[in-house]
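Please examine the sequence and the structure shown below.

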Amino acid sequence: MLDTHFPFPEDSLPERRLQAQRDNLFATPIAKLGDWTFDEQVADVFPDMIQRSVPGYANIITMIGMLAKRFVQPHSQIYDLGCALGAAALSVRLNIDVPGCKIIAIDNSPAMVNRCRYHIEALPADTPVEVMEADILAIPLENASMVVLNFTLQFINPSDRQHLLNRIYQSLRPGCVLVLSEKFTFEDAQVGELLFDMHHDFKRANGYSELEISQKRSMLENIMLTDSVETHKKRLRQAGFEHTELWFQCLNFGSLIALKTEKTT
């Protein structure tokens with residue numbers, strides 16, 4: 001089934017033949033917890049997992065489409081880097097009517113890429129979408145009017161993050177935008193602990209047990225390395241972005257916008 005946070009009415013889904021799968025992956029004890037992978041099992045329950053784990057996710061996806069209306073330019077490319085099931089790419093696609101544009105959605109998970117292609121094909125539109133299985137650190141970026149990193153940078157090796165942001169800035173046309181959504185740490189330890197605990201309250205309220213919360217956290221702790229808002233802003237400024245700001249936050253999740261200014265004569 002398409003992600004319930006995709007910004008289009010349920011009645012538009014062709015045939016509506018699949019039922020949403022509930023995330024029960026960690027409901028029973030796992031003898032040997034390895035590192036997290038975005039495999040077939042995760043892809044199967046990803047819409048439910050995101051809904052119950054990431055506060056504010058639906059708002060961010062909706063607003064990405066609204067930002068696309070403002071920033072996408074004719075005859076340019078839009079990149080959804082770490083696209084997962086394609087929620088951001090579809091939000092952009094359904095909110096723009098700009099000639100000569102192409103959306104490029106990239107993920108290194110075969111399971112996510114396969115499902116993303118299904119979702120794109122299920123809702124045809126004028127703007128073409130190319131879905132690629134690739135490493136976002138290795139692909140060329142060019143002629144971009146919008147780039148989206150939606151909860152992706154936190155899974156990139158910290159030593160590679162600045163270089164990726166540098167490349168994104170260089171690929172963007174003047175007057176265009178990067179949207180960077182992440183889970184945050186906080187330099188104020190007391191605030192960080194409070195928001196961390198409230199996020200667990202959010203998960204409990206959405207039906208996750210203590211066992212599920214604990215096992216998922218253990219699997220993610222080695223591969224999802226989060227930064228503070230201040231660290232993100234510093235990197236973005238170093239990459240060259242003249243204007244950066246946090247435009248959305250719910251608990252310890254949020255999204256920043258980074259603008260490349262227009263050329264002046």
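**Aromatic pairs, cores and a strand**

Q: Is Phe155 buried, partly exposed or exposed?
A: Buried means under 20% relative accessible area, exposed over 50%, and partly exposed in between (1.4 Å probe, protein chains only). At 26% relative accessibility, Phe155 counts as partly exposed. Phe38 is likewise partly exposed, with a relative accessible area of 28%.

Q: What do these values rest on?
A: The model is predicted: local features need pLDDT of at least 70, side-chain atom pairs count only at pLDDT 80 or more, and totals for chains, interfaces and linings use all residues. Residues are numbered from 1 along each chain as its sequence is written, and side-chain values use heavy atoms, without hydrogens and water.

Q: How many aromatic pairs are found in the whole structure?
A: Rings of Phe, Tyr and Trp (its six-membered ring) pair if their centres lie within 6.5 Å; planes under 30 degrees apart count as stacked, over 60 as edge-to-face and the rest as tilted. A search of the whole structure gives eight such pairs. For Phe38 and Phe155 the ring centres are 5.3 Å apart and the planes stand at 85°, so this pair is edge-to-face. Phe38 precedes helix H1 (40–53), while Phe155 is in the loop between strand E4 (144–150) and helix H5 (158–171), 117 residues apart. Helices (H or I, at least four residues) and strands (E, at least two) are DSSP runs, numbered from the N terminus. Ring pairs also link Phe26, Trp36, Phe38, Phe46 and Phe155 into a cluster.

Q: Which residues have the most contacts inside the largest nonpolar core?
A: A nonpolar core is a set of buried Ala, Val, Leu, Ile, Met, Phe, Trp, Tyr and Cys residues joined through side-chain atoms within 4.5 Å. The largest has 51 residues, and those with the most contacts inside it are Ile64, Val72, Ile78, Val92 and Met146. Helix H2 (residues 57–71) supplies the largest share, seven residues. A second, separate core of 28 residues includes Ile168, Leu178, Ala239 and Phe241.

Q: Which residues of strand E1 lie on each side?
A: In a regular strand the side chains alternate between the two faces of the sheet. In E1, Gln77, Tyr79 and Leu81 are on one side and Ile78 and Asp80 on the other, and all are buried.

Q: Which strands pair with E1?
A: Two strands pair if DSSP finds at least two bridges between them. Five bridges join E1 to strand E2 (residues 102–107) in parallel, with Ile103 as the bridge partner of Ile78. Four bridges join E1 to E4, also in parallel, and there Val148 is the bridge partner of Asp80.
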